[in-house]
Amino acid sequence: MIGEQSALGHRLVRSICFAQAGIDVARNRRVIEQTRTEISVALVALTEGNDAISPITNGNIRTQIGSVEMVWKGLDKKVAAFLSDTGLTDEEVLKLTFKSQSLEKLWRNVSQSLELQTSVNQAPEKLVRTRIIATATNQSRLLQEAGKEACLLHLAHGAQAGAAQVEKLKDILATFDQNIFDLTFVRPAQSPIAQPDALEQAAFNTWQDWVGLETLFEGVIENPNGQDMIDLLPDMSFGIEFLDTKLHENIAIFMSL
């Protein structure tokens with residue numbers, strides 16, 4: 001649960017950006033509502049517990065979660081305004097990226113604290129499995145952040161994209177590309193145990209889907225201020241959600257082994 005949360009702030013702002021740009025508005029508004037609910041439910045589960053998990057009692061971690069809640073309340077107010085008749089200006093949407101970045105960093109602190117608490121007595125093979133899951137889960141965060149950054153470049157209304165913004169997007173994509181290659185080809189080759197056919201096929205199919213989506217991101221990087229960029233975004237909006245679903249399905253397969 002914790003690992004997935006770092007992606008949700010970026011997913012929220014990405015969907016707001018696409019909807020603000022008039023791209024796949026109905027579906028992106030549904031994603032906004034769904035993501036908003038997921039974040040709220042997760043915070044309640046971590047502090048109060050539910051049928052699946054016990055509430056966190058560690059004082060330091062609860063303080064960290066309190067910081068997450070404070071930032072989330074600020075972002076949620078903006079989300080509510082966007083979904084209302086009032087809406088947000090393009091400039092206000094562009095500024096939301098700072099809140100999503102803060103949310104990601106705070107969730108990462110919670111995740112690292114929990115990992116430190118639970119990894120002390122883990123066997124080496126369990127640690128390897130945990131790290132694979134962490135890498136795979138982080139792919140969702142990278143994908144959502146890349147989509148957010150690409151859309152925000154467009155929403156700047158033709159203002160010259162700063163070199164730092166483009167370089168940031170390139171770095172995110174390079175990390176995602178390296179991770180998906182490692183998860184699909186390198187780790188299975190290094191594993192002393194053969195992967196089940198279902199996982200191997202699912203991972204390969206996901207990698208192929210990424211190769212197709214990657215070309216859309218490359219188009220944005222090559223000409224971030226070009227008029228053709230608007231033609232790339234509708235397919236990118238759909239492709240990100242489709243690939244994100246595949247990433248979660250792959251994790252589910254791996255976790256079931």
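## Helix α6

The expected span of a helix is 1.5 Å times one less than its number of residues. In this predicted model, helix α6 covers residues 163-190. With 28 residues at 1.5 Å a residue, α6 should span 40 Å, and the 38 Å between its end C-alpha atoms agrees with that.

Helix α6 also carries a kink of about 45°, centred on Asp182. The buried residues of α6 are Val166, Leu169, Ile172, Leu173, Phe176, Asn179, Ile180 and Thr184.

## Nonpolar core

The largest nonpolar core contains 54 residues, and Leu213, Phe217 and Met236 have the most contacts inside it. At least two residues of this core come from each of α1 (2-20), α2 (25-48), α3 (59-83), α4 (90-119), α5 (124-155), α6, α7 (197-222) and α8 (229-256). In soluble globular proteins, nonpolar side chains tend to be buried together.

Which residues does Phe217 touch, leaving aside its neighbours within four places in sequence? Phe217 is in contact with Ala146, Gly147, Ala150, Leu169, Leu173, Trp210, Met236 and Ile240.

## Disulfide

The structure holds one disulfide. Cys17 is joined to Cys151, with an S to S distance of 2.2 Å. The angle about the S-S bond is -95°, and the link of Cys17 and Cys151 is left-handed. Cys17 lies in helix α1 and Cys151 in helix α5, so the pair, 134 residues apart, links distant parts of the chain.

Are the two cysteines buried or exposed? Cys17 has a relative accessibility of 0% and therefore counts as buried. Cys151 is likewise buried, because its relative accessible area is 0%.

Lys148 is found in helix α5. This lysine counts as buried because its relative accessibility is 0%, and the cut-off for buried is under 20%. Leaving aside neighbours within four places in sequence, Lys148 is in contact with His10, Val13, Arg14, Thr97, Ser100 and Gln101.

Asn138 also has its place in helix α5. Its relative accessible area is 22%, so Asn138 is partly exposed. From C-alpha to C-alpha, Asn138 and Ala26 are 27 Å apart in space, and in sequence they are 112 residues apart.

## Aromatic pairs

The count of aromatic pairs comes to seven. One of them is Phe204 with Trp207: the ring centres are 5.8 Å apart and the planes are at 35°, so the pair is tilted. The range for a tilted pair lies between the stacked limit, under 30 degrees, and the edge-to-face limit, over 60. Both residues lie in helix α7, three residues apart, about one turn of the helix. Phe204 is partly exposed, with a relative accessible area of 31%, and Trp207 counts as partly exposed at 23% relative accessibility.

Trp210 and Phe217 form another tilted aromatic pair, with 6.3 Å centre to centre and 40° between the planes. Whereas Phe204 is partly exposed, Trp210 and Phe217 are buried. Phe181, Phe185, Phe204 and Trp207 form one aromatic cluster.

Note on methods
Residues numbered from 1 in each chain as written. Predicted model: local features only at pLDDT ≥ 70, side-chain atom pairs only at ≥ 80, totals over all residues. Heavy atoms only, no water. Helix = DSSP H or I, 4+ residues; strand = E, 2+ residues; numbered from the N terminus. Bend = angle between axes of the 7 residues up to and from the residue. Buried < 20%, exposed > 50% of the residue type's maximum accessible area, 1.4 Å probe, protein only. Core = buried A, V, L, I, M, F, W, Y, C linked by side-chain atoms within 4.5 Å. Contact = heavy atoms within 4.5 Å. Disulfide = S-S within 2.5 Å. Phe/Tyr/Trp six-rings, centres within 6.5 Å; stacked < 30°, edge-to-face > 60°.
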